[in-house]
Amino acid sequence: MLNKYARALFTKIFTPVARLFLKLGISPDVVTIVGTLGVCFGALAFYPRHEFFWGTVVITLFVFSDTVDGVMARMSGRSGKWGAYLDSTLDRVGDSAIFGGLVLWYAGRGDDFLMAGLALACLILGSVVSYAKARAEGLGFTANVGIAERADRLVAVLVITGLVGLGLPEVVLTIVLALLAVASLVTVFQRMLLVRRQALVEAS
């Protein structure tokens, strides 16, 4: 849902930033890499210390690089397979760092193995959601379906984690992580079923 309705808005907002970066001679790949490093820093430096609000602030500042680099690539005519590959690969790194930071807190000083398990489930299943689509496309199929797209998962976990850092009851984060894990699992099965149907049609 967010991919569909928010991409155009954020593209418009960040177009001036992309234009400035290009004038400064910065490449889209550099923005992608710096953005990922910033997300990882925010997640792994703050979340394991239970500084959820400031960690979310830092992550949010860098997570929009995913939009900026795409706008820069289109404006400069550098859109291509390498940029798409780099962006997709580093997205997985950033996403894993976010949930991994939560795992580190709850498995450590947070001492809540239920929360640690839910965060770990979100990390693993989120990666499988992405892999299911990428592998399908590698085999010539499509798997662009599912109730838990990357943007939806990111917004949900970042907003609630940040609010917990401001005093929102932690049980809300428990519920959100559980829902994200279930939604990710459902998405995996949705993509598997779609690919299976395509494979059966191809084989018939």
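**Close-up views of a predicted model**

**View 1. Lining of the second largest pocket.** The lining of the second largest pocket divides into 11 nonpolar residues, 2 polar and no charged; here Ala, Val, Leu, Ile, Met, Phe, Trp, Tyr, Cys and Pro count as nonpolar, Asp, Glu, Lys and Arg as charged, and the others, Gly among them, as polar. The model is predicted: local features need pLDDT of at least 70 and side-chain atom pairs count only at pLDDT 80 or more, whereas totals for chains, interfaces and linings use all residues. Residues are numbered from 1 along each chain as its sequence is written, and side-chain values use heavy atoms, with hydrogens and water left out. The pocket has a volume of about 190 Å³, a volume being the space filled by probe spheres set on grid points joined across faces, edges and corners. On a 1 Å grid over the protein atoms alone, a pocket is an open set of points with protein on both sides within 12 Å along at least five of seven lines, a cavity is a set where a 1.4 Å probe fits but cannot get out, and lining residues have an atom within 4 Å of a point. Of the 13 lining residues, Phe21, Val31, Leu61, Phe62 and Ser65 lie nearest the pocket centre. Two or more residues each come from helix H1 (2-23), H2, helix H3 (52-63) and helix H4 (65-76); helices (H or I, at least four residues) and strands (E, at least two) are DSSP runs, numbered from the N terminus. H2 gives the largest share, 4 residues.

**View 2. Packing of helices H2 and H5.** Helix H2 (residues 28-46) and helix H5 (residues 81-107) pack at about 5°, with axes 8 Å apart. Axes are lines fitted to C-alpha atoms, for helices over the stretch in contact, and angles run from 0 to 180 degrees between N-to-C directions. The two helices are therefore roughly parallel, the term for angles under 35 degrees.

**View 3. The annotated aspartates.** UniProt (unreviewed entry) lists Asp66, Asp87 and Asp91 under "binding site"; such positions follow the numbering used here, feature names are shortened, and annotations may be inferred rather than shown by experiment. The lining of the largest cavity takes in Asp66, Asp87 and Asp91. Asp66 lies in helix H4 and Asp91 in helix H5. Not counting residues up to four places away in sequence, Asp66 touches Asp87, Asp91 and Arg150 (contact means heavy atoms within 4.5 Å).

Notes:
Parallel < 35°, antiparallel > 145°, perpendicular 65-115°, else oblique.
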